[in-house]
Amino acid sequence: MGLVDFQIQAVGKLNESMEDQNKEVIFKSPTGSGKTIMLTHFMSEYGKGHFGNVFVWLTPGKGDLEEQSKEKMDKYIYNIQTKLLPDVMANGFVENDSCFINWEQIIMKGNNAMKESERANFQEHIKRAQDNGLEFTIIVDESHQNDTVKSDDILSLFKPKKIIRTSATPKNHSNATLVEVKEEDVIAAGLIKKMLIINENFGHSVNVESQVSFLLDKALEKQEELKVAFENVKPKSIVNPLIVVQLPNNSEVLQDEVERYLATKDVTYENGLLAVWLDKKKQNLEEIEELDAKPIVIIIKQAVATGWDCPRAHILVKLRENTSETFEIQTIGRIRRMPELKHYENDLLDSCYLYTFDEKFTEGVKLHLRKGALEAIKLFLKQEHREFSLVSEQKTDVPVANDPTEALWTMVLYYEHAYGTSTRTIENKIRLEAHGYKFSDMIVKNTYTGEVHKLTVQEFKNLANVDMIEPLNTHKHGREYHNRVGTLGVKLSLPYDQMNTIIRRLFDKNVSYDKKILRLETREVYAFVINNFKRLREDIQKAMASVTIQPTLNLPSVTERPFFIPKEFLFTYDKKNKVQKVYDSNVYKGYLSSAEIRSDSEKTFEKYCENSSSIDWIYKNGDKGNEYLSIVYLDNFGKQKSFYPDYVVSKGGEIWIIETKGGFTRTGDSEDIDKFSPKKFEVLKRYLKKHKLKGGFVRKDKRNNELFICMNNYNDDISSDEWQLLEDVL
């Protein structure tokens, strides 16, 4: 199964985390991001590049999550050694094993899966593996559920070299490496819904006789609205949206009330529209995860919140009693997946919905999802802007992997620009060596020596560097080379084989290429990659975005289509902000100054436009999705990317397109973290010239709290003449 870009990056970061000094890794990944897919690919990649490793994946709960995870790995990864607990008990641990074990099978004394004698035998298997030189890497799935003394005792038995704790909501662990998948990246990939809408259209107060009837009515109305919208998708979608009704534990009376009320709406077990998944009652669950399955409501309890995947689940009704119940964010994860792994350019279908009177739960959602659970209201486009249009560019293809030929040529150009390389390979070696590249047929690792009298940063800076040198062993270091090349390939979205070909063509004398940078023996290539891994990784990242190498690549073709400002959209804002000023300059009725999510530059720019007499109107563009204005460009490796400029502004009938970026500090340092800013600037210039528009990049200077605009040649120095005071221009 192919990985999308953010998944490839996460696999690479997990590989890198195995090399750092922290024993623990926190893998924070939103529900619906493909956590199991990422971890299984990581396990496979790491196993190829290292000797003596055994993965043990520990799953929570009384269910069969360990079997589900093993089945997924067997499905996604070929030629992999996977085991369950009975397999371990029968055959022990061997190198490159990936073992999936349920916590409760080895922790709970009352669990019949392992009797006392078997527990002792399990420990013997661990000890025997350690005696045979094997090392354990432990993956703790849903780690927030098993943070106990008993679980810690089990972990200590393995004496693991690394513990990877995975969760959408991990608890803080000091001295741990954080590998985080950003929610916005998962949304941009179309895997999860853009927005969680809580208690839509409830108003300021609600009077109800029964929470059950009120909330279920809201959910059923929304389900019907979603069903019609799915039928109107072109091509028509078969998705039958599902309502998840979550009951508190020990709530038979409430369960009975739900079932009786749904029966009055002709939603029953008998006609197949109602399903239930409780400890003592399971009904109509066959193929319920299928997109067009018949049930429209399922009743669950909190225990089902973990590990159950049903992408058509769209609505959650959270019922409560007068009990103190632990908040579980995982329940929200059940309704966040996109059923067909794509967005529909329709806010109704691209959102999920929570209905509840549980204030504790609602506040808990906002706390955990932060800006992903802002207050939301629907805003409508003012009549006078409904005919306005621009040309939007869209990608013609979205390949997972880049073009290896383009990547090879780009690396040649980058080294020529950055280091002055040419076809004179002996001279190239001298140039690279002068810039810190190491050349040896030995493996050189770096450490430090010296004295530290006080535990201060400065004293550690004063330590002297020491090179630890060991002879190259192709058997031992071959795996390390494989791992390093695979990690470099991640940066380019290239598989190992293609990345290895690029390395060989650039540096190996035994592989022909007329633009070769170095002519190293094969053994020296191994050492070169291992010894210079960090430098190679940095250079690849710079090569991807460098505007000096290729200011703009000619797009082979793009799809152009008219862009109209969406007639309605879900507006998110900070309800607790004391300032709730309506911005009349905005194209939408009721647009508030408390709009979120907004950067400091964006907030300052919107306020500037509202207070400027020369601005007719302003539109805030979206940052993902075909319904918004986008411009297509290529990175230096030939991969198409979409650039969504932040604002469209009208000044005296003249249209400007504005992109805001991170500002400048009080000392003049840049706060822009986007490596592609220069490329986006050039592609914006191309677009503006083609369509006879005006525009530029706007950034805030914190030394004077003023906005400045750059329109001609991009410069990351605020003191440059390229930056002009915005009010003098716009």
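Trainee: In this predicted model, which residues does Leu390 touch, not counting residues up to four places away in sequence?

Mentor: The model is a predicted one, and contact here means heavy atoms within 4.5 Å. Once residues up to four places away in sequence are set aside, the contacts of Leu390 include Arg561, Pro562 and Phe563.

Trainee: What is the strand order of the open sheet of seven strands, and which strands stand at its edges?

Mentor: The pairing in this sheet is parallel, and the order is β3-β4-β2-β5-β6-β1-β7. An edge strand has a single partner, so one side of it is left without a neighbour in the sheet. The strands in that position are β3 (81–84) and β7 (176–180).

Trainee: Which helix packs on the sheet, and what angle does its direction make with that of β2?

Mentor: The helix touches β1 (24–28), β2 (53–59), β4, β5 (135–140) and β6 (162–167). This is helix α2 (residues 35–49), and its direction makes with that of β2 an angle of about 165 degrees.

Trainee: Where is the cis peptide bond that ends at Pro235, and what is its omega?

Mentor: Pro235 is found in the loop between α9 (211–232) and β9 (242–247). The cis bond runs from Lys234 to Pro235, with omega near -5 degrees.

Trainee: Which residue does a cis peptide bond join to Ile597?

Mentor: Ile597 has its place in the loop between β20 (568–573) and α20 (600–611). Omega of the bond is about 5 degrees, and the residue joined to Ile597 is Glu596.

Trainee: Is Asp266 buried or exposed?

Mentor: Asp266 lies in the loop between α10 (252–264) and β10 (274–277). Although not a glycine, Asp266 has a positive phi of about 65 degrees. The relative accessible area of Asp266 is 52%, and over 50% counts as exposed. Asp266 is therefore exposed.

Technical notes:
Residues are numbered from 1 along each chain as its sequence is written. This is a predicted model: local features need pLDDT of at least 70, side-chain atom pairs count only at pLDDT 80 or more; totals for chains, interfaces and linings use all residues. Side-chain values use heavy atoms; hydrogens and water are left out. Helices (H or I, at least four residues) and strands (E, at least two) are DSSP runs, numbered from the N terminus. Buried means under 20% relative accessible area, exposed over 50%, partly exposed in between (1.4 Å probe, protein chains only). Two strands pair if DSSP finds at least two bridges between them. Axes are lines fitted to C-alpha atoms, for helices over the stretch in contact, and angles run from 0 to 180 degrees between N-to-C directions.
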